[in-house]
Amino acid sequence: MEEVTRELLGGRMSRRDFVARALALGASVATIGSLLAACARGRSAAPASSGAIGPIEKELAIYNWSDYVAPDTIPNFEKEFGVEVTYDVYESNEEMLAKLLAGASGYDLVFPTGYAVQVLVAVGLAATVDRSLITNWGNLAPLFLNLSFDPGNAHTVPYQWGVSGYAYRSDKVASPPDSWGVFFDRTYAGKMTQMDDGREVLGSFLKYRGHSVNSVDPAQLAAAKADAIAVKPSLQAYISAPVKGQLISGDVWLAQMWNGDCTQAQAEQPAIQFVVPREGAAIWQDSLLIPINAKHKRAAHEFMNYILRPDVGAAISDTTGYGSPNVRALPLMKRPVPYPTADELSRLEFQTDLGRATALVDQIWTEIKSA
Amino acid sequence: MGARLPRWLLAFTAAVLALLHLPLVVLVAFSFNASKFSVEWTAFTLNWYRRLAERRDILRALRGSLIVGGSATLLSVALGTLIALALARHRFRGRTIYEAMLYAPIVTPEIVVGISMLILLVLVHVPLGLATITIAHVAFSVPFVAVVVLARLSGMDEHLEEAAMTLGADEIAAFWKITVPLLWPGILAGALLAFIMSFDDYVITSFVAGSGSSTLPLVIYGMVRRNIEPSINAISTLILVATVVLLYLSDRMSRRAATVDE
Amino acid sequence: MSTRRRRLLGWLERHPEAQAWALLGPGTIWMVVSFVIPVLIMCAYSLMPRGTYGGVEVGFTLEAYQRFFNPVYLIILERTFVAALLCTALCVLLGYPVAYVIARSGRWKNVLLFLVVLPFWTSFLVRTFALIFLMRDTGLINSWLLKLGLVREPITMLYTSFAVLTGLVYGFLPFMILPIYASLEKLDPALLEAAEILGAKPAARFRRITLPLSRPGLVAGCLLVFIPALGSFLTSDLLGGAKELLIGNLVQNQFTTARNWPFGSAASTVVMVLVLGAVLIYLRVRDRETVGVI
């Protein structure tokens, strides 16, 4: 009976199945009723919803961004733990969220960015992490723990972090100001791009005017919108990561992008430099998260622990170009991304999910694009 | 054969076909380029082809794409042809509305189809996998096949089968020996369209694919945030080469069969 | 032939409507289960209030539709229709001659057909990035033009409407060529020869014989290009620089970044009703014209 109850609370069993099984086990109608009520109060109300985590399973299904592990990360894990890993990729948080929200199951690990963690926790799709199984937890820098999107790290283990800013060709752009105001400079008109992301574009102008990237104040957003529309004619395009190619070839001289993409481009064109503007920017963190209906929770925990090893973390960061929250991995990295100083940190902000205000921001982004 | 076709027409066609293939030349060239980004030519290398052997994920995805593409094409050709025959040869209540509704899958945005199909699959507890991908692909291919075969059927003499039957053939023989050969260009055209749509579908596939089932677009589109590694160019080149070789061989075989018939 | 089969076929003979539905049956069942029901679910979603994090909440509201009937979105709809129309027109101009040549190519028919679809055995993304490489300011076409001295400065081709149209036409050309080919292939060259002998000029031969024969294929091609072109979004993003929104982008955004599923399905339902309505009107007119002739 306990088993059956746990499966119901863990969301792995439909109510109809629960009633059938409970009746078969001889539970009284009253008991069934109160248990169903407990379930209806929301799956996040069930603390032991992860269920008892047993021995390591033989399989693990990972759903990750493309090219977000080092070439040997998965093969080494498979060999050491005797687990067969299926590795599927997605190309954006939104796509992963839409799929999970529509009810898809079968994945044991996903890698959401901060705001996406908030969404998954809020709708009850995130399992709690059993910290006792994560023995390498101490390798993580406190800077990346206990963030607003997952207080106490109940559901996540930090994976990679990065900042947005802009990259420029030092051989084409003399000395760019370290300010988001660079986009207003008509000197580089036609050679600049911003990211194809409403939060990032508005975020850059919100920061320029001294506001928060998570602001939902209509006046502040309106000012940022006006800035974005004023800048738009100077832009060649709204393009995110794929702008790397154009930066290398010289079609674009100045591009808003994330630091890791810049690092990758620098490998082919050393004249590319990265700037985090002095007004501040968005910092983000991707985390490992176990969906509540995962079938191989133990293997998932072991993978989380494995990722926290210094050598594994360093290899991953060397491949992606982004920062590792694993402080012991830093000395092992070939291209270490230094942690932000306290001063820099005061100007960096994590993007949070805006809840119902998401529609407002999307409306503004639509209007910017239609201008 | 081509003797009656004016020269300008042939030149125009050659130009259009050449332009269609120009990006392919670029694609193939970059499969031999040493640079990781397909931006500028750096040096010649066969590295990316060697990498293909290591990239199990790409090879598995190719296998998935071929299985799904082949099955979806066969199924949608069968279903679509039957629908076209019904619409062309029979008058029934609601015929015009049915024909209009054929276009519904074509007009609906892929993300709407993908998410709603996933919701339904989850509701009825169908496990996601290559089969669900195939089901979805057939759904959006059938209208294309039906419309193309219908265009072929218009104006075609529907009494040829009757004539064959008065000469002693039964319905089945009449169908296979008369109808299908007459329809063949339409069926082939529809099959080609169905296959290329299935082979390259991303949005719908990403929603109805289960963990572990993979097609080429799923792997390729996932790379767009990093960069499309040239091993993708390599596998595309190999696919093109394989297709050309198969085409040549089938042309030779049908040529030989034709001479034997004579 | 067995008695049971003969009886079944006899019954079908006497019930022509049943014949039709026997043919339609399998396909219809498949379409209803895998398409109609899901999309009806989505249409129902368009009448429900949006969930805070995506999805829907139980309830009934028309706010999604009310929001759609707003100049910002109607302009996007109009812009999309124009783009799709231009794409279709260009596909006809480029595709019809090619389809005609293939239909008249006898032995080479199949080879040419495969050549038409061969580029599409590669990925759309890879082809589009190849187009970007060709059209960039520092790309192949510009560097050749500069080298040959035909221009002094690179021509801006990328991130313009020209680039988007090129990408759209490139992607949809087979969908025009193949249907036209399928109906033109019936053309008996003897008909054209006879007309020529009787004194008809090439233009007249085309207008009186070829064009009417190809009309079903031409219409099919136009619909199979125009309708999906309405939903395209990647091409305008990659080749147009994502500076403008088409309906496809709008709907895509609602299910991803905006997490407003009801609004996305409302927009999609409006387009569906408009397009299917127009198709239905066209089919009614066509059927009235050709009464008695299928």
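**Notebook: strands, helices and contacts in a predicted model**

I began with strand S4(A), where 14 of the 14 residues are buried, so S4(A) is largely enclosed by the rest of the structure. I note for all entries that this is a predicted model.

**Entry 1. Partners of S4(A)**

I looked up the strands that pair with S4(A). S4(A) and S9(A) run antiparallel and are joined by 7 bridges. Within this pairing, I found Val163(A) bridged to Ile283(A) in S9(A). With S7(A), S4(A) pairs in the antiparallel sense over 5 bridges, and Ala167(A) stands opposite Ala255(A) of S7(A). I then checked strand S8 (residues 272-275) of chain A, which pairs with S4(A) through 4 bridges, again in the antiparallel sense. Here the bridge partner of Tyr166(A) is Val275(A) in S8(A).

**Entry 2. Helix H7(A)**

I asked how many residues of helix H7 (residues 198-208) of chain A are buried. The count is 11 of the 11, so this helix is largely enclosed by the rest of the structure. I listed the buried residues and found charged side chains in the list, including Arg199(A), Glu200(A) and Lys207(A). Also buried are Val201(A), Leu202(A), Phe205(A), Leu206(A) and Tyr208(A), among others.

I next looked up what covers these residues. The cover includes strand S4 (156-169), strand S5 (192-194), strand S7 (254-258) and strand S9 (281-289) of chain A. Helix H8 (218-231) and helix H14 (358-370) of chain A are also included. Just after H7(A), I noted that Gly210(A) takes a positive phi of about 85°.

**Entry 3. Where chain B touches chain A**

I recorded 26 residues of chain B in contact with 26 residues of chain A. On the side of chain B that touches chain A, helix H6 (110-123), helix H10 (203-208) and helix H11 (216-222) of chain B each supply at least two residues. By class, I found 13 nonpolar, 8 polar and 5 charged residues on this side.

**Entry 4. Where chain B touches chain C**

I found that this contact takes 87 residues from chain B and 86 residues from chain C. Helix H1 (residues 7-30) of chain B gives the most to the side of chain B that touches chain C, namely 13 residues. I sorted the residues of that side into 62 nonpolar, 15 polar and 10 charged.

**Entry 5. The largest nonpolar core**

Which residues touch the most other members of the largest nonpolar core? I found Val148(B) and Tyr181(C), in a core of 263 residues. Helix H7 (residues 130-153) of chain B gives the most to this core, with 17 residues. I then followed Tyr181(C): leaving out residues up to four places away in sequence, Tyr181(C) touches Pro185(B) and Ala189(B) in chain B. In chain C, Tyr181(C) touches Ala99(C), Ile102(C), Ala103(C) and Leu113(C).

**Entry 6. Chain C as a whole**

I counted 13 helices and 0 strands in chain C. Along its principal axes, the C-alpha trace of chain C spans about 65 × 65 × 35 Å.

I noted that chain C is divided into domain 1 (1-33) and domain 2 (72-289). The C-alpha centres of these two domains of chain C lie 37 Å apart. Of the 294 residues of chain C, 47% count as buried. Among contacts in chain C between residues at least 6 apart in sequence, I found that 67% join residues at least 24 apart.

Notes. Residues numbered from 1 in each chain as written. Chains lettered and ligands numbered in written order. Predicted model: local features only at pLDDT ≥ 70, side-chain atom pairs only at ≥ 80, totals over all residues. Contact = placed C-beta atoms within 7 Å. Domains from an automatic or database assignment. Buried ≥ 20, exposed ≤ 12 C-beta atoms within 10 Å, placed from the backbone. Pairing = 2+ DSSP bridges. Core = buried A, V, L, I, M, F, W, Y, C linked by C-beta atoms within 7 Å.
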